[in-house]
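Subject: Structure handover

Hello,

The sequence and structure are below for you to take over. My notes on what turned up follow after them.

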Amino acid sequence: MFDLKSLKTLASGLAASLCSLLLAHPSLSAEPKTENVILLMTDGLRWQEVFSGAEESLISEEAGGVKDVENLRAKFWRDTPAARREALLPFIWGTIGRQGQILGNREKGSYGQVTNGMHFSYPGYNETLTGFADPAIDSNDKIPNKNVTVFEWLNRQDGLHGKVAAFGVWDCFPYIFNRDRCGFYINAGFEPVPGEDKNPRIAAINELKANTNPVLGAEPQDSFAIYSAVEYLKDHKPRVFFLSLNETDSWGHAGRYDLYLNAAHKADAGIKLLWETLQSIPQYRDKTSIVLTVDHGRGDAPVDWKSHGQKVPKSEFIWLAAIGPDTAPLGERANCDPFTQSQVAATVAALLGKDYAGAVPQAAKPIADLLPASK
Ligand SMILES: [Zn+2]
């Protein structure tokens, strides 16, 4: 039997060993509540629009290729950056900005960037999805990725096998994820979505996809991927899911600021639809984290905003948003730790309680501020 003194000694000894255990394993300090993770990407959407909304000098025929200046101003121009960004991205600011976190506003001391040195898509998606930059990936050519993505890694983990899927508008995703090796479902470009015999909405989407004029080349408009993804989620209920939209990049390259802003606005609405769909399904409701980011930035007005790459200054700058049961509702972050694109992969895994950075030494550590037990 213990006397009071030895009970106290035992208690303080236990507390000390618990403390050292927690310090040694920060991930154990709070079990994540997240059971499902969705990684969303809006290709080449600039941090400038995310944090300040429409840029006035680009709402013009000359610099922005805008067809109806008055209409675009009415839609997206407001007197303050806060009002402009809410007009452009009402879900991101109205919901994620209040219940989650948004990082990367360089004007407020929150810095995010890619480390791959290329500042274009395949290197950016590789860095995002594997957790490290690979200098051997120096083009957007359709070459099967030698690297294993965090999605492939998660698909090999207990409880997650067969519960991973990826949808991308860009037809390069089967190569980025390495379709022949990765072991999970990928839908890209104009490919039909499986399950049309059971789900009439998928049948309708597939019919529209097959009969749509490919004005953007090999990629359909984002709406096809958004609605395909929503139906796939409802039917298959993956626990780890990827969706990348592309129109922000396409219309940026085309020099059409009106369609670029519209694409961002529609992407925001698509993310809202996805979030509301998730919240309506018991498997996902209050147990799902969303991480939203970009593969690269773009340059500044008046010309470089159309482009990105090694020769385009500032196109390495990115932003990131997250919402879910484990991410503290700190809203727009200011004066916080900088983050890199390479931290996204381990963050996605850590939200599910998986130590990707521990298993893959090349991979960067997760973004601690987005995880439980962060201060
Ligand atoms: Zn691009």
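Two strands are taken as paired if DSSP finds at least two bridges between them. On that basis, Phe167 stands opposite Leu243 in E6, and its bridge partner in E5 is Asn187. Please keep in mind throughout that this is a predicted model.

Domains

The domain assignment divides the protein into domain 1, residues 1–30, and domain 2, residues 34–370. Taken over C-alpha atoms, the centres of domain 1 and domain 2 are 43 Å apart.

The sheet

Eight strands make up an open sheet with mixed pairing, in the order E5-E4-E6-E1-E7-E8-E2-E9. Its edge strands are E5 and E9 (331–332), each of which pairs on one side only.

Strand E4, residues 164–168, is the one that carries Phe167. Five bridges connect E4 to E6 (residues 240–245), and the two run parallel. Four bridges connect E4 to E5 (residues 185–188), again with the strands parallel.

How many of the five residues of E4 are buried? Five of the five are, so the strand is largely enclosed by the rest of the structure. Burial here means 20 or more other C-beta atoms within 10 Å of the residue's own. Both faces of E4 are covered: Val164, Ala166 and Gly168 are buried on one side, and Ala165 and Phe167 on the other.

Elsewhere in the sheet, E1 (residues 36–42) is joined to E7 (residues 288–293) by six bridges, and these strands run parallel. Met41 stands opposite Thr293 in E7. Helix H15 (residues 344–351) packs on the sheet, where it touches E1 and E7; the direction of H15 makes about 170° with that of E7.

Helix H12 (residues 222–236) lies across E4, E5 and E6 and runs at about 165° to E4.

Helix packing

H12 also packs with H14. The axes of H12 and H14 come within 10 Å and cross at roughly 5°, which makes H12 roughly parallel to H14. On the H12 side the contact consists of Asp222, Ser223, Ile226, Ala229, Val230, Leu233 and Lys234; these meet Ala263, Lys266, Ala267, Gly270, Leu273, Leu274 and Thr277 in H14. By type, the residues of the contact of H12 with H14 are eight nonpolar, three polar and three charged.

At what angle does H6 (residues 90–99) pack with H14 (residues 257–279)? The angle is about 45°, and the axes of H6 and H14 are 7 Å apart. The two helices are therefore oblique to each other. Pro90, Phe91 and Ile92 in H6 meet Asp268, Ala269, Ile271 and Lys272 in H14. The residues of this contact of H6 with H14 comprise five nonpolar, no polar and two charged.

The buried residues of H6 are Phe91, Ile92, Trp93, Ile96 and Gly97. They pack against H14, and also against helix H5 (81–88) and strands E2 (101–103), E8 (320–323) and E9.

Backbone points to check by eye

Most residues other than glycine have a negative phi, and most peptide bonds are trans.

- Ala301 and Pro302 are joined by a cis peptide bond, with omega about 5°. Pro302 is in the loop between E7 and E8.
- Lys237, which is not a glycine, has a positive phi of about 50°. Lys237 is in the loop between H12 and E6, and it counts as partly exposed because it has 16 C-beta neighbours inside 10 Å.
- Asp286, also not a glycine, has a positive phi of about 60°. Asp286 lies in the loop between H14 and E7. Is Asp286 buried or exposed? It is exposed, with 12 other C-beta atoms within 10 Å.

Regards

Note on methods:
Residues numbered from 1 in each chain as written. Predicted model: local features only at pLDDT ≥ 70, side-chain atom pairs only at ≥ 80, totals over all residues. Domains from an automatic or database assignment. Axes fitted to C-alpha atoms, helices over the stretch in contact; angles between N-to-C directions. Parallel < 35°, antiparallel > 145°, perpendicular 65-115°, else oblique. Contact = placed C-beta atoms within 7 Å. Nonpolar A, V, L, I, M, F, W, Y, C, P; charged D, E, K, R; others polar.
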